[in-house]
Amino acid sequence: MRAFLTILGTQLRRDRWVLSFWIAGIAVFGLAVAAAIAGQFADEADRAAIVAISVANPAIVFARGLPDGSSLGGVAFFTGFAFTAVLAGLMSTFLVVRHSRADEETGRAELLGATPIARSTTLAATIVLGALANLVLVALLAAAYVAGGLPLEGSLTAALAVGGVGLVFVSVAAVVAQAMPSGRGANGASSALVVGAYLLRGIGDALGTPSDDLMRVTPSAISWLSPIGWGQATRPYTEPTLLPLLLSLAAFVVLSGWAIALRSSRDLGSSLVPERTGRATARLGGRSVVGLAWRLQRATLLGWLAGSVVLGGLAGGLAPVIAEAVADNASLSALIARLTPGGSGDTTEVFIAALLGIGGILAGAAGVQAVLRLRAEEAEGRAELLLATPVSRVAWVGATSLVAAASVIIVTLAMGLATGAALFRSGGAADDVLTYAGAGLAHAPAALVFVAVTALIFAVAPRVTIALGWGLLVIGFVLGQFGELLQVPEWLQAVSPFFHTSAAPVVELDVVAVFVLLGVSAAGVAVALVALRRRDLTT
Amino acid sequence: MSPTPLIETSALTKRFGRATALDGLDLSVSDGEVHGFLGPNGAGKSTTIRVLLGLIRRTSGSAHVFGLDPWTDAQMIHRDLAYVPGDVSLWPGLTGGEAIDLLTSLRGGADPQRRAELIEAFELDPRKKARTYSKGNRQKVALIAAFARPARLYIFDEPSSGLDPVMESVFRQQVLRARAEGATVLLSSHVLSEVEQLCDRVTIIRDGVVVESGSLDELRHLSRTSFRVAGIADVDAVRSITGVHDVHAVGGSVEFEVDSDAIPAVLAAVAQQRATAVTAAPASLESLFLRHYSVTR
């Protein structure tokens, strides 16, 4: 027990800043959403209108959450819950992997494993740490909602629903960490599961049944497959119930037990996905810096590619189904007709444009991740080996930026093509494939700006590259998705490159904006290359 | 020996913020020699090597490799250079063979036959992912990549710290072969036997400055000789000579250390005292290093 507490204390100490940032960040976001709803939509009629529009538009339901009544809390929960739950899930998975598989890979686990503790003690401590982190999150988040002007009981339920999602992903990541051979792989797989949970409840909610008064959607059974769906089922501000969270608790207990059993019975360093032997000599492509950059990005890119193809397939496949459902519902179609007198707001197109926007973020993430690898290469000493050969820094960073840019283009294009192909399958025109490929590609220029900015940070302030690189992308995403709601001034919203992306095919492509974004990206990379020649290699 | 050294630094200084890593370092490595680069942990060996490679920029002073400035002409210098860092980190997803091919290709390509010989000599399985290699195996990968394409200058930063004795001897053979082919080697090491067997000259640094530089014979000359003498009646006659240190009795004999310029006086005194047995030994490398390494700061 003493050893357990010592290890728990050490892990807590190591995480004190990271966890503080995560928890405080999520709570501040919760406060901002609650306060924004209370401030902007103080009038019940306004709220009823916004909820009705959302219920009428499955794209919003898919991307945002489950509409549940027009009370202040109901609207705040609908607007913010799914995204908050994703953040809690990511916080939890990164926490667990950091202390389990990543430590095992670097050898720290070996050092601890030689002390008189049980094989599973470290993992048990990590799971408890994860549970504690989510508990603190629940307390702060509930306080934030109440401070934002929402009723107490509902706020507590809503915060518990967020904590429930976090708790489930603590245990999910604990199992994944046993299965994957590397920290990077475990992080990738478990964050994919978090995003999967978000998409799953998105599909379930979008296919749900709107109530006759357009005030709420009853999700389809698919939403019950997602831990985020369980959280939504607590309906905090209408008919609060904690019963669905019993599912979260059960999943946590079962998966944690399984993870601990797996850890107790396996060798240190072994994994369910084994390491295979590879080639004794490099292929021709593996003998250059571009080849290396491509090789390092390949597996990650496949992951992003799979994500974007799934999202595109969903967009193209679901859009007609949803359009049909809307057409069948008299009150819905009346509302939509009223909202879009010119008829340009075709439900199919609006739904797809919203999802393609998320695809732009995925592409940005794929590109940013490629550039961030430069920092890992430098900090872990591989850059030293590489740059002691006649490879210039410019060639090294240039090759990586090239691969990053290619990743962005591949992901956006694949998403557009998948959308078009799925539409075509469900009876669309062949032209759609090209149209939507272009619509997907329209998101590439903004994503490229993030690649360039990350390269610039790497050249100027290498030690903060990883935190700032991801941080800026998240800020760009929040500004894009929540900027209007939070009443962020337009000039500040305009700072985000995604603000300047045309939501094709609903809106026509703004060619000037495309060239400005491309110019900014090229200039950013160029400045980064120059700045990089002036600094020391920093570990 | 060529008149212009292959590596030359003078008054080389490197500061990291307030900390001074190199404080006016003068290093000179001549063409064709194996040069030992020694010093306690944190003395500035790796910092010097990184400046010479152009990975970090000197704060002041001068540094030249092949007569070129390592910061501005890094690429040019790296064409004729092979480097093995002390703590080799490889790409986890690449196999050892792929890493070797990558590194040698960037330098212009390996000689396939030599690559095969080296893999066999170092007993490396090149098909394994770097993630699964031990420290020693990662080091072998970097060493094979370094030797598989002949270079004019080899820089090794504690290259054998993860190798077993058999592999250490393979490494020594390769260094000797490189020297026979006319290459120059800068070897930072803590393994004294390795230094003794390989190095023509050594430079010892501490706290970022050179404290000793020269051939091993010269360094020995600068250090003390150990005497063990039996049958002396009056020990004080020896003890009173300037340059005699650390006198103590062992069994029936007396042991002491003598500075090299005091040797004639000591020999005279020992003869006068009618010693029955005398042993004199040059300072071991170990005592030489211990003296330089452990001087209180």
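B:Asp101 touches residues of both chains: leaving aside neighbours within four places in sequence, it is in contact with A:Thr281, A:Ala282, A:Arg287 and B:Arg115, where contact means heavy atoms within 4.5 Å. This aspartate is found in helix 3 (residues 96-106) of chain B; helices (H or I, at least four residues) and strands (E, at least two) are DSSP runs, numbered from the N terminus. B:Asp101 counts as buried because its relative accessibility is 3%, with buried meaning under 20% relative accessible area, exposed over 50% and partly exposed in between (1.4 Å probe, protein chains only).

A few words on the model and its conventions. This is a predicted model, in which local features need pLDDT of at least 70 and side-chain atom pairs count only at pLDDT 80 or more, while totals for chains, interfaces and linings use all residues. Residues are numbered from 1 along each chain as its sequence is written, chains are lettered from A and ligands numbered from 1 in the order in which they are written, and side-chain values use heavy atoms, with hydrogens and water left out.

**Salt bridges**

Side chains of opposite charge can pair when their charged atoms come close. Three of them are set out below.

| A:Arg14 | A:Asp103 | 3.2 Å |

A:Arg14 forms a salt bridge with A:Asp103. Because A:Arg14 sits in helix 1 (residues 2-14) of chain A and A:Asp103 in helix 6 (residues 101-106), this pair ties together parts that are 89 residues apart in sequence. A:Arg14 is partly exposed at 38%, whereas A:Asp103 is buried at 9%.

Back in chain A, A:Asp68, A:Arg216, A:Arg235 and A:Glu239 are linked in a network of salt bridges.

**A nonpolar patch on chain A**

A:Val453, A:Val464, A:Leu468, A:Leu472 and A:Ile475 form a nonpolar patch on the surface, with about 350 Å² of accessible area together. Patches are made of residues with over 30% relative accessible area and no salt bridge, like charges being joined within 9 Å and nonpolar side chains (Val, Leu, Ile, Met, Phe, Trp, Tyr) within 5 Å. Helix 20 (residues 465-482) of chain A gives the largest share, three residues. A:Val464 is found in the loop between helix 19 (444-460) and helix 20, and it counts as partly exposed at 36% relative accessibility.

**Chain B as a whole**

Chain B holds eleven helices and 13 strands, and its C-alpha trace spans about 70 × 45 × 35 Å along its principal axes. Of its 297 residues, 51% count as buried. Chain B exposes about 12800 Å², 48% of it supplied by carbon and sulfur atoms; accessible areas come from the Shrake-Rupley method with a 1.4 Å probe, and for residues only the protein chains shown count as cover.

Conventions:
Salt bridge = Lys/Arg side-chain N within 4 Å of Asp/Glu carboxyl O.
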